[in-house]
Amino acid sequence: MGSAQSRPADPARRAELAANLAEVRKRLAAACERAGRDPATVTLIAVTKTWPASDVGHLAALGVTDFGENRDQEAAPKAVAVRAAGVKVRWHFVGRLQRNKAPSVVRYASVVHSVDSVRLATALAKAAARERREPLDVLVQVSLDGDPSRGGAIAGGPDGLDGLDGAGPDVALDEVLRAVAAAPSLTLRGLMAVAPLRWEPGLAFAQLARLAAQVRARYPEATLLSAGMSGDAEEAIRHGATHVRIGSALLGPRAALL
Ligand SMILES: *Cc1c(COP(=O)(O)O)cnc(C)c1O
């Protein structure tokens, strides 16, 4: 789990994270200012993949409330360790998710950002109905370049919701939205996307914003937009992101290739 040997009371690591957090908060505030947005409308999610539970403790003590992970094998024990240390946080699952991991993820995650198929929505709905008292908040991940190999449901047409454009119905955006909205154990909260490699992030997030507006017209409760990472959070905020997922700018460069 990362090379950092940080212990709960490691003051040097705490100071490093405090400095990074101040810098990130400054960037987000400046982006909100430029976009004419209230900074309170943008939630910072600290993506702690590869970093130890003690870093979650440091950031929580510094005021961070929302944390993201992308692999259940790492996230599940980390969530247990954080809770055992008496630290209360909200976990966001942001990575590709295999259906057989759904029963584990619904035990600790408050939000799953990466639902991109009808079959995954169905597996999560079943697991959430069995394991949870409250519905699970879900964001449907969309593929902006139509390449499903990197995750994301596929929107049909130039910027339309309807039509499959060659993709199977299991990953058609309108079908995935319908499956999530129809499940009593899931709550459709919005969309998530990652800017495609080599795309100008501003173009990617403008396209995402148009899609999000169409989705909101059909599902008024789907108001959240998860977009923007360490390298492109400003562009995402300009285009309406309500949740930015920041890893390396907060925690440092990751040792492991993920
Ligand atoms: C790792 C990850 C992030 C954070 O990326 P950084 O570039 O380190 O900020 C955001 N979203 C997802 C889905 C990730 O897997």
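Author: Thr50 sits in the loop that links strand 1 (43-47) to helix 2. The model is a predicted one, and the values below are computed from it. The backbone at Thr50 has a positive phi of about 75 degrees, although Thr50 is not a glycine. Most residues other than glycine have a negative phi. Thr50 is also buried, because its relative accessible area is 5%, and the cut-off for buried is under 20%.

Arg198 is not a glycine either, and has a positive phi of about 70 degrees. Arg198 belongs to the loop between strand 7 (186-192) and helix 7 (201-218). Is Arg198 buried or exposed? Arg198 has a relative accessible area of 82% and is therefore exposed, the cut-off for that being over 50%.

Helix 2 covers residues 53-61 and packs against helix 1, residues 11-35, with the two axes 10 Å apart and at an angle of about 55 degrees. Helix 1 and helix 2 are therefore oblique to each other. The crossing of helix 1 past helix 2 is right-handed. On the side of helix 1, Arg13, Arg14 and Leu17 make the contact, and on the side of helix 2, Asp55, His58, Leu59 and Ala61 do. Sorted by class, this contact has three charged residues, three nonpolar ones and one polar one.

Ala19 and Ser226 are 207 residues apart in sequence, and their C-alpha atoms are 24 Å apart in space. Ser226 is part of strand 8, residues 224-226. With a relative accessible area of 1%, Ser226 is buried. Leaving out residues up to four places away in sequence, Ser226 touches His113, Leu139, Leu191, Met192, Ala193, His243 and Arg245.

Strand 4 runs parallel to strand 3, residues 90-93, and three bridges join the two. Within this pairing, Trp91 has Ala109 of strand 4 as its bridge partner. In a regular strand, side chains alternate between the two faces of the sheet.

Technical notes: Residues numbered from 1 in each chain as written. Predicted model: local features only at pLDDT ≥ 70, side-chain atom pairs only at ≥ 80, totals over all residues. Heavy atoms only, no water. Axes fitted to C-alpha atoms, helices over the stretch in contact; angles between N-to-C directions. Helix = DSSP H or I, 4+ residues; strand = E, 2+ residues; numbered from the N terminus. Parallel < 35°, antiparallel > 145°, perpendicular 65-115°, else oblique. Left-handed = near helix turned anticlockwise from the far one by under 90°. Contact = heavy atoms within 4.5 Å. Nonpolar A, V, L, I, M, F, W, Y, C, P; charged D, E, K, R; others polar. Pairing = 2+ DSSP bridges. Buried < 20%, exposed > 50% of the residue type's maximum accessible area, 1.4 Å probe, protein only.
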